Amino acid sequence: MNPERAGWKTISRAIHFEDKNLSVATEVVRTPARAEPRPWTIVHRKAAVVIAPMTAAGEIILIRQERIPVRSAIWEVPAGQIDDANDSTLQEIEKVALSELREETGYQLAADGELVSLGTYFSSPGFTDEKAHLFLARRVEMSEEGNKHEESESIVDCRSFTPREVARMVTNGEIRDANTLAICARLIASGLLSFYG
């Protein structure tokens, strides 16, 4: 749906910063509920893929990655940006998801595995338009090549956890990034994962 046709109107846009991954702009916008335009600073960011890798035993593969903005290494599911999601088909987005899975964890889909689309979500719609495509990679196995992180990534650990362990990590605040919390919620709501079953 084109937001301009749904009653949203961008009056002006001033870009403050822009690089290959994101732009920061102040936009003056008229919304369907407010006739008076209002300014809003927005981070426009590439769309992303977020993958929950599940082994044949039903365990979830998590990576522990150093995150400079929060000065901490945190447990999370693998994820990555899509270079041009606007021009990508679902099949191309799925290829990005499988590539990120392999690069960040060293795992790949088993011969009898499947990649299940779980829809999309907005990571933090109060300041960014970043949209993430959620996937369950069910029945993953270690690839022969292992992981091949990008130099910009700082992944310090990768291992599998039972659903109960993941639930404990969520409860104890060991898992605290939006992507992992969102995909856990989507998996539970879809009946694809039970923390206590």
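A: The turns below go from the whole chain to a sheet, then to a helix and to some single residues. The model is predicted.

Q: How many helices and strands does the protein chain have, and in which pattern do they follow along the sequence?

A: Start with the inventory of elements. The protein chain has 3 helices and 10 strands. In sequence order the pattern is β-β-β-β-β-β-β-α-β-β-β-α-α.

Q: What are the overall dimensions and the accessible surface of the protein chain?

A: The C-alpha trace spans about 55 × 35 × 35 Å along its principal axes. The accessible surface is about 11,300 Å², and carbon and sulfur atoms account for 50% of that surface. Of the 197 residues in the chain, 37% are buried.

Q: What share of the contacts joins residues at least 24 apart in sequence?

A: Consider the contacts between residues at least 6 apart in sequence: 61% of these join residues at least 24 apart.

Q: In what order do the strands of the open sheet lie, and is the pairing parallel or antiparallel?

A: In general, strands of a sheet pair through backbone hydrogen bonds, in a parallel or an antiparallel sense. Here 3 strands make an open sheet in the order 1-2-3, with antiparallel pairing. Strand 1 and strand 3 are the edge strands, each pairing on one side only. On average, neighbouring strands of this sheet are turned by 15 degrees against each other, direction ignored.

Q: How many bridges join strand 2 to strand 1 and to strand 3?

A: Strand 1 (residues 9–18) and strand 2 run antiparallel and are joined by 8 bridges. These two strands form a hairpin with 3 residues between them. Between strand 2 and strand 3 (residues 34–45) there are 9 bridges, again in the antiparallel sense. Strand 2 and strand 3 also form a hairpin, with 2 residues between them.

Q: How is helix 3 read, and which of its residues are buried?

A: An α-helix has 3.6 residues a turn, so residues three or four places apart point the same way. Helix 3 (residues 178–189) has 12 residues and reaches 16 Å from its first C-alpha to its last, close to the 16 Å expected at 1.5 Å a residue. Its buried residues are Thr 180, Ala 182, Ile 183, Cys 184 and Leu 187. Their cover includes strand 4 (48–55), strand 5 (60–67), strand 6, strand 8, strand 9 and helix 2 (163–171). Just after helix 3, Gly 191 has a positive phi of about 75 degrees.

Q: How many aromatic pairs are there, and what is the geometry?

A: For ring pairs, look at the distance between centres and the angle between planes. The count is 1 aromatic pair. Trp 75 and Phe 161 form this pair, which is edge-to-face, with 5.0 Å centre to centre and 75 degrees between the planes. Trp 75 lies in strand 6 (residues 72–76) and Phe 161 in strand 10 (residues 155–161), so the pair ties together parts 86 residues apart in sequence. Trp 75 is buried, at 6% relative accessible area, and Phe 161 is buried at 6% relative accessibility.

Q: Is His 133 buried or exposed, and what does His 133 touch?

A: His 133 is in strand 9 (residues 131–142). His 133 counts as buried because its relative accessibility is 12%, and the cut-off for buried is under 20%. Leaving out residues up to four places away in sequence, His 133 touches Ala 48, Val 49, Val 50, Ile 82, Ile 93, Gly 119 and Thr 120.

Q: Where does Phe 127 lie, and which residues is Phe 127 in contact with?

A: Phe 127 lies in the loop between strand 8 (107–122) and strand 9. At 42% relative accessibility, Phe 127 counts as partly exposed. Apart from neighbours within four places in sequence, Phe 127 is in contact with Thr 41, Ile 42 and Val 43. Phe 127 and Val 24 are 103 residues apart in sequence, while their C-alpha atoms are 9.7 Å apart in space.

Notes: Residues numbered from 1 in each chain as written. Predicted model: local features only at pLDDT ≥ 70, side-chain atom pairs only at ≥ 80, totals over all residues. Heavy atoms only, no water. Helix = DSSP H or I, 4+ residues; strand = E, 2+ residues; numbered from the N terminus. Buried < 20%, exposed > 50% of the residue type's maximum accessible area, 1.4 Å probe, protein only. Contact = heavy atoms within 4.5 Å. Phe/Tyr/Trp six-rings, centres within 6.5 Å; stacked < 30°, edge-to-face > 60°. Pairing = 2+ DSSP bridges. Axes fitted to C-alpha atoms, helices over the stretch in contact; angles between N-to-C directions. Areas by Shrake-Rupley, 256 points an atom, 1.4 Å probe, with all protein chains shown as cover. Expected span 1.5 Å × (residues − 1).
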